[in-house]
Amino acid sequence: MAIGESQLDSDGPSTDVDAQFGWRYTFGKVMQDTTARWGLYVVAVVLFISAYTLIDSNLSRLTFGAVSDFAAAEALPLFEHPERIPPPGEIESNVPPAFHPDGTLSHPLGTDPDGRDYFTRIVYGAQVSVSVGIVSTLIGFVGGTIIGAVSGYYGGWVDDVLMRIVETVYAIPPLILIIVFIVFVSGGTPDIRYAIVGVGITFIPIFARIIRSEVLSVREMDYIEAARASGVKNRDIILRHVIPNSFAPVLVYATLQIGVTILVVAGLSFLGFGAQPPTPDWGQMLNVSHGYMHSNVWLSIWPGIAILVTIMGFNLFGDGLQDALDPRIND
Amino acid sequence: MAEPLLRVDNLKTQFFTDAGTVRAVDGISFEVHEGEIVGLVGESGAGKSVASMSLLRLVESPGEIVGGEITYRGETIFGLEEGPDGELRERDDMLSNEEMRDRIRGNEIAVIFQDPMESLNPVFTVGGQLREFIELNRGLGEDEAREESVEMLREVGIPDPAERYHEYPHQFSGGMRQRVLIAMALACEPNLIIADEPTTALDVTVEGQILELVDDLQAKYGTSFIWVTHDMGVVAEICDRVNVMYLGEIIEQAPVDELFHDTKHPYTTALLNSMPRPDRTVEELEPIRGVMPEAINPPSGCRFHPRCPDAREVCKRVHPGNEVVDRADGTPHRAACVKHDVFDVGYDESVPLEEEPQVTAGTPGGEDR
Amino acid sequence: MGLLRYTIVRLIQAIPVLIGITVITFILANVAPGDPVRLMLQGQEVDQELIDRIERQYGLDRPLHERYVAYMTNLLQGDLGYSIHRDRPVTELIIQRSGPTLMLVLSAYAFALATAIPLGILAATRRNEPADHVSRIVALVGVSTPSFWIGIMLILIFAIQLGVLPSSGLVYPWWGPEHYGYSGYVELLFQTIRHLLLPMIALGTLQMATLMRVERTQMIESLQGEYVKLARAYGVPERTILRKHAFQVAQLPIITIVGLNLSTALGGAVLIEYVFNINGLGRLLLEAIIGLDYQLIMGITVVIGTMFVVGVIITDISYAYVDPRVTYGDRD
């Protein structure tokens, strides 16, 4: 057991992040690093687009009703509605991107087989990827924090049982576990909500491991001893002392994990277990375009680039954050 | 006196960091003669290790030897000359990197590092590592080198050397590993061994055993040593001549007896007073005032003046060289302190500095007006 | 002897995890809302008698724990159940489809190691030089790109645009040249590689990127080690230091990472098999899901989980073999 387990424990960020580093200091360090700064810019842009489209689509839905309502599309300020299939007379399906001789500037990235503007769908795709990425990571984060904190604080058989469960979940490749989860729990009708929950639950063990090793070191601190000696309840010690003091490295890890989550969700949607048509989602768009690889190459290119850029942004930012918080890994 | 084995003249090694240039070694000169153990003493950060690595031309980036001359048995390890365009360039007779590697490192000058725990490669057997260095530096074949390795392990007092040859470093205790490192150095049959704080990481009883071992082996092989340490006790026990370093400079240089009994530099005095001795109680121990400043921004004048009990106003202005202040049996005793007559910069007339000379800034009518 | 004991200890330690995998899979399969038999038959018009018969056949009329015990009893005898859609034993189907998946995953690892180690070393020795920057960009893009999209792009470029490499299926050398109508073993080998190339790169890129990052950091750390300083001080040539002294130490963490990454590789194989139409375990899983073939889905999950556990044990043992410091079997 000696190696396998110790290595698993150490594959997260290092454990002793200096608590004295304030947020302002950390942010300053991140901004000093060119690549981390670019990561932050990308993340900011993607977050802005997601927020904008979220408000935009919900406003239009509230104002104009259903997606199939043609009026909705015309009233939208900036974009056509990403899910709206144009009426039969107006369909311009499979228009190539603007740089192509047959392309038009009104559809800069072309249109899909149903005649929907591809640029709009790519832009709206950010919303799905980012919200799924953040919500799933949050589920893993919260679940992992609770399990890890309880396990690390109590130790003994509680720890043993919880860690065996965590280890077992770890043993099934995440993508496969999530697929099986979605299929069985949804009873064969996959939906993005099942994907979010499935991904979140699957990532609980990873977070639990990190927070547990943090808690194990925090537990021995004098102030925890003091709190215990003065009769503070265990639950209060965990909530008020142990968790806040074990937080920083897990937060860094969560940032990096958002990138991984987006990657996994893209894979799920590509296989048809994530977002369902007509929702614009990058992975799901790649699923559709898979059937048009010979005729319409661009359909396969743009969503992939969108995924790549988004994940790269989160990874760069996460790396920068990690370097800023942990001076030991500076290379 | 015969030509020294090693001569270091005005050696300067600097580190070029983002924060500025660190003058880790700033113009030191000393000699090592055949069969001698020469001490290089000072607090951590004084530049002792950088100085010793400079001798092998193994200063790591961003460090660089920028000036001075190192001569080993008439060969130039390092030397600069002025080129036709006025730029300094390496001299033609300076040994090339290949020559340094093949002829000097290991077979002429060997080292023993401070940390026996980290210095041996964890994934190779102790014997294998010893054998590799012997093969490389003495040109022996594999079998001969193996026999020689076992022989050397026995020589440094490792029991069952034939069995332990096949063991890994983690199976050895700290003292045993240090013996292995000593075996490595001796096995290459060098003329000079640089021992960089070789006993610092060991506990006292083991330290005593190692010092004894080195003494015996030194007598037997006649190898010269440069013994780098911060421990005056070790110096007294093992060294013939001593160089005391402070902030990149040698501030006193003398045979060991003169240094201890006729100390010429206040820093050396302070070092000796801070050393625990059986004839003194803890109350009598005097730690050196303050901490050593950063080498990146050394104090003006004498670098020791902010911590010096004898400091006077002149010490802030005059930067003393390491001059001969006395002679004992023809051997010069050098010290870099202006209180000695040879400097003649008006020490006696100068005003003594206050207890906390560092905080004079902003004091109206300070002495330096 | 120590190594053998260590192996046995590791195998025994793996038993709870293996049991855990069956429990998780079993629970997931049995919390499904709705009647599994009706789901399985997917709305086909059937009479109640048939449903009852199938339920009896699968033991679905019995309580959960009894069904689990029955499942485990069969599993221990190598029987993973029966695929109703394919009318074949699950074990047989899985054995048949394991070959392609293992071939894909192992070749992806070979590709990843063969590229990551030299590039990581290069980056470590040329720190902050162009070679280092390029390798870091490659690593960053590698960890940020979905493997299935790399596969799609490779197909677009090499199969559709250039037409030089096949875009789907693999050639399995164990079927022999006659099966494919090839002239001999040389052509068989050639075709095997030709078909394997694109999926191997698609699946291996992520592994390459992670391994390259680790290799770079480990080499940098190892090159700063005291033992490297010592070797330099004894005149060991820089090439020997790099290849022997620093390299050997730096490889140890790589072994562990290879084992742990098997999890992502096996998961990624599902996507790559889908993109390249490879008849491996991953595609079998997808097909089983479409048909809601319960026992097949469970069987594949258990087998893939076991593959991962076995993989980690193998890497742990090789680590113990390579690193003399590991004390076999003891928790130090």
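**Notebook: chains A, B and C**

I started with the UniProt record, where an unreviewed entry places "domain: ABC transmembrane type-1" on residues 98-319 of chain C. The model is predicted: local features need pLDDT of at least 70, side-chain atom pairs count only at pLDDT 80 or more, and totals for chains, interfaces and linings use all residues. Residues are numbered from 1 along each chain as its sequence is written, while chains are lettered from A and ligands numbered from 1 in the order in which they are written.

**Entry 1: the annotated span of chain C**

I looked up residues 98-319 of chain C and found 83% helix and 0% strand, with the end C-alpha atoms 26 Å apart. Helices (H or I, at least four residues) and strands (E, at least two) are DSSP runs, numbered from the N terminus.

**Entry 2: two helices of chain C**

I noted that α5 (residues 90-125) of chain C packs with α11(C) at an angle of about 140 degrees, and that their axes are 9 Å apart. Axes are lines fitted to C-alpha atoms, for helices over the stretch in contact, and angles run from 0 to 180 degrees between N-to-C directions. In α5(C), the residues that meet α11(C) include C:Leu104 and C:Tyr109; on the α11(C) side, C:Val258 and C:Ile272 are among them. Two residues are in contact if their C-beta atoms, placed from the backbone, lie within 7 Å. Ala, Val, Leu, Ile, Met, Phe, Trp, Tyr, Cys and Pro count as nonpolar, Asp, Glu, Lys and Arg as charged, and the others, Gly among them, as polar.

**Entry 3: where chain C touches chain B**

I found 17 residues of chain C in contact with 23 residues of chain B. On the chain C side, α10 (226-233) and α11 (238-275) each supply at least two residues. Which helix gives the largest share of that side? It is α10(C), with six residues. The side of chain C that touches chain B has eight nonpolar, four polar and five charged residues.

**Entry 4: a helix of chain B**

Just after α7(B), B:Glu189 takes a positive phi of about 50 degrees.

**Entry 5: chain A**

I read residues 192-211 of chain A as 100% helix and 0% strand.

Notes
UniProt positions are given in the numbering used here, feature names are shortened, and annotations may be inferred rather than shown by experiment.
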